[in-house]
Amino acid sequence: MVSNGQHFDFVVVGGGTAGNVVAGRLAENPKVSVLVIEAGEGNPENVPDIMTPAKAMDLRGSDYDWAYKTTMVKRDDYERIEKPNTRGKALGGSSSLNYFTWIPGSKGTFDLWEKFGGSEWTWDKLVPYLRKSATYHDDEGLYDPSLKKIGAGGPLPIAHAELLPEMEGFRKALHDAWTSMGQPLTENIYDGEMIGLTHCVDSIYKGRRSNSVLFVRGKPNITILARTHSKQLLVDPKTKHVSGVTTIDAETGKEQTFYADREVILSQGVFESPKLLMLSGIGPKAELAKHNIPLVVDSPNVGQQLFDHPAVPFVLRVKDGFGMDDHLLHDGPLKQASIKAYANGAHAGPLGSGNLEVVGFPRIDSYLEKDPTYVAAKKANGGLDPFCAQGQPHFELDFVSLFGSAFQWHYPTPKVGNYTSVVVDLVRPVSGPGEVTLNSSNPLDQPNINLNFFENELDIIAMREGIRFSYDLLTKGDGFKDLVVAEFPWDMPLDDDKAMRHAVLDRCQTAFHPCGSNRLSKNIQQGVVDPELKVHGVTGLRVIDASIIPEIPDCRIQNSVYMIGEKGADLIKAAHKDLF
Ligand SMILES: Cc1cc2nc3c(=O)[nH]c(=O)nc-3n(C[C@H](O)[C@H](O)[C@H](O)COP(=O)(O)OP(=O)(O)OC[C@H]3O[C@@H](n4cnc5c(N)ncnc54)[C@H](O)[C@@H]3O)c2cc1C
């Protein structure tokens, strides 16, 4: 299929979410040749657990998971390291493993990107790219037709989460609880304001996962080399030009080299893209010296400025009939009916659902104002909320309608009962950044990852109050309070600040939105790539993936990553006018 030493116009290293968008867009010119190098499985369409939405949480720790060892918290008074931290290892990358929700984020946060990328990287300029990848479907005509604007022609079919009839009582109870807390409802989180409870849009259509693989299929000018790891970028130490990449076959260990006559695009994601830069001599001088890697460019921010959303998930046992557990998790007639409904290409019923139909974006100012540390921090910030001064939500709250194993990973799935899993996701943390460094110079070794959650006490306070808000909503709010049977599998110490602090540190996990480790910047002191996503200090190389994000979006980030892929592809096209 490919031969050692072969030349292509473009080589995309990492066939993940953004990488495939770039490859697919560049290959729109049939005369352009593109090589995509992907470490994982090349045909995720043939893997039922990847394509069946309700199976998504089973992929954690599977063959398709990079399963990183990760430091979650590293404080003087508390430290915790966990494994596995999930990232997709298959064509499509994390878009082949994620939990589907399609959310753009707030204008206020994107406008903060200007400080790093200039005026082209602001909400108004980015909106067309946030909407370019997808085609929105509302086959039943349930929502405002104007929502077609959020995806009107891209290869990725998206749609509102299917409203499972089994969950009608759950939805109504949640709606009543939310409004009884005086919180707003919204069905338009797509124009820059994102406060309220909303029916969410998913990268699922007709019971199947939509992933970035859809960008590269049916294009004979794209060559996909799967189960192949990158080893090193070819960087000329004198000219500092990047001309290709050396790879290692995952099964045989055979090494090959491929050349890009135009550009190399690095899209290995937030942990592996900085790793490959460092292995290739581009990174912080001291870090490279530790591993005897010859320095090509001293780029101090490579692997730095890593941000993620800390989440604390909790579970409530609800009355029977108000969770999907019997339909999907417990053996019995209801599960059999779900399997039958999905079988033979029908893809119908609960197995075709991501089991997250409603998401809440609250501000919880009144809860935070009760804490003196918060009040002092706000005063010191000129009277502005230190988390969300631009009016963004403090939290994304996900209400998953069963026991969600990926959000309660220290406990086995219970064999009986119905549950609601709640993910309390702090979307504008103020803690300092984490980092990605090298464990060794072996390209097959995992990098060393520190998410650095809760470095700042204010984040602990905010999370504590976000949990209290969520408990008030579900256990005291109209409707839902009548569904709750018990806490499970552990009781939240709501009335004790000290015990809550411990619960936050003990129970926090990644919300799966790491970004920033090669951030966008105006110069090499500020970050790793310039506003055209070119790597500072070399030529012929761009980074296009979640690692370039300079300010974490205030929600889940796949929509932002597709946007970066689309904008990155246009930037490349603009630089090769003879081809595009
Ligand atoms: C479990 C999970 C749930 C999530 N849920 C949601 C959600 O509901 N909504 C949402 O908006 N976002 C969600 N996200 C986040 C979102 O999916 C990711 O932020 C996004 O897909 C990242 O895209 P990327 O292009 O940066 O990296 P990836 O898509 O991860 O792509 C990187 C690619 O590079 C390949 N690669 C890595 N190293 C090498 C190497 N050395 N050699 C060759 N190839 C390599 C990988 O195998 C992968 O294919 C979730 C993520 C996860 C993991």
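A residue counts as near a molecule when its C-beta atom, placed from the backbone, lies within 6 Å of it. The model is a predicted one, in which local features need pLDDT of at least 70 and side-chain atom pairs count only at pLDDT 80 or more, while totals for chains, interfaces and linings use all residues. Residues are numbered from 1 along each chain as its sequence is written.

Around the ligand there are 38 residues, of which Gly14, Gly16, Gly93, Arg556 and Gln558 come nearest. The shell is made up of eleven nonpolar, 21 polar and six charged residues (Ala, Val, Leu, Ile, Met, Phe, Trp, Tyr, Cys and Pro count as nonpolar, Asp, Glu, Lys and Arg as charged, and the others, Gly among them, as polar). At least two shell residues each come from helix H1 (17-26), strand E12 (228-235), helix H7 (269-279) and helix H15 (558-575); helices (H or I, at least four residues) and strands (E, at least two) are DSSP runs, numbered from the N terminus.

H15 also takes us to a helix pair. Its axis and that of helix H5 (residues 123-130) come within 8 Å and cross at roughly 95°, where axes are lines fitted to C-alpha atoms, for helices over the stretch in contact, and angles run from 0 to 180 degrees between N-to-C directions. H5 and H15 are therefore roughly perpendicular (65 to 115 degrees). Leu126, Tyr129 and Leu130 of H5 meet Asn559, Met563, Glu566 and Lys567 of H15, contact being C-beta atoms, placed from the backbone, within 7 Å.

Lys240 has a positive phi, near 60°, in a residue other than glycine. With 17 other C-beta atoms within 10 Å, Lys240 is partly exposed (20 or more would be buried, 12 or fewer exposed, and in between partly exposed, with C-beta atoms placed from the backbone).

Another positive phi, about 75°, belongs to Phe512, in the loop between strands E24 (509-510) and E25 (541-543). Phe512 counts as buried because it has 22 C-beta neighbours inside 10 Å.

Finally, look for the cis peptide bonds: one runs from Lys83 to Pro84, with omega near 5°, and Pro84 has its place in strand E4 (residues 78-85). Another runs from Phe488 to Pro489, with omega near -10°.

Definitions and conventions: Parallel < 35°, antiparallel > 145°, perpendicular 65-115°, else oblique. Contact = placed C-beta atoms within 7 Å.
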